[in-house]
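Please look through the sequence and the model below before reading on. The paragraphs that follow go step by step through some of its parts.

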Amino acid sequence: MDLMACNTALAVLEQMIEAASPAHCPALVGELEKLKALAWAKMMHGPNPPAIAQTLESGHYLTVGEVVERFHVTPKWLYRHKKQMPHSQPSRKLLLFPEKAIEKWFAGRKVS
């Protein structure tokens, strides 16, 4: 895909986001973060990105904001406990949680 085609696709995406309802924005942000992680993997590793890119392509990932909203935890709590949870951190600033695995993790978590 050339740069002009990318710019056209991004312009269409921007219009779709502007037209989206606020209720759809968390899912949109999650998908955008996934695409951003894929782009970073490609920039850092060339045409054959590592397994993280293939993993991101294979399932839906939740952002920190989505996990906070869905499971009623704070971002601080989430970052403090991330090592105990299924997660992926393709860059220093990006933390993603595989949707099915994190749902299972929270379902099995002992409530105190």
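The axes of helix 4 (residues 64–71) and helix 6 (residues 99–108) come within 12 Å and cross at roughly 35°, where an axis is a line fitted to C-alpha atoms, for helices over the stretch in contact, and the angle runs from 0 to 180 degrees between N-to-C directions. Helices (H or I, at least four residues) and strands (E, at least two) are DSSP runs, numbered from the N terminus. This is a predicted model, in which local features need pLDDT of at least 70 and side-chain atom pairs count only at pLDDT 80 or more, while totals for chains, interfaces and linings use all residues. Residues are numbered from 1 along each chain as its sequence is written, and side-chain values use heavy atoms, with hydrogens and water left out.

The crossing of helix 4 and helix 6 is right-handed, a word used if the near helix is turned clockwise from the far one by less than a right angle. Helix 4 brings Val-67, Arg-70 and Phe-71 to the contact, and helix 6 brings Glu-99, Ile-102, Glu-103 and Phe-106; contact here means heavy atoms within 4.5 Å. Of these residues, four are nonpolar, none is polar and three are charged, with Val, Ile and Phe counting as nonpolar and Glu and Arg as charged.

Next come the aromatic rings. A search of the whole structure finds four aromatic pairs, a pair being rings of Phe, Tyr or Trp (its six-membered ring) with centres within 6.5 Å, called stacked if the planes are under 30 degrees apart, edge-to-face if over 60 and tilted otherwise. The ring centres of Trp-77 and Phe-106 are 6.1 Å apart and their planes stand at 35°, so this pair is tilted. Because Trp-77 lies in helix 5 (residues 75–81) and Phe-106 in helix 6, the pair ties together parts that are 29 residues apart in sequence. Both Trp-77 and Phe-106 are buried, which is to say under 20% relative accessible area, whereas exposed is over 50% and partly exposed lies in between (1.4 Å probe, protein chains only). Trp-105 and Phe-106 form an edge-to-face pair, 5.0 Å centre to centre with 90° between the planes, and ring pairs link Phe-71, Trp-77, Trp-105 and Phe-106 into a cluster.

Finally, turn to Pro-98, which is found in strand 3 (residues 94–98) and counts as buried at 18% relative accessibility. Leaving aside its neighbours within four places in sequence, Pro-98 is in contact with His-60, Tyr-61, Pro-86 and His-87.
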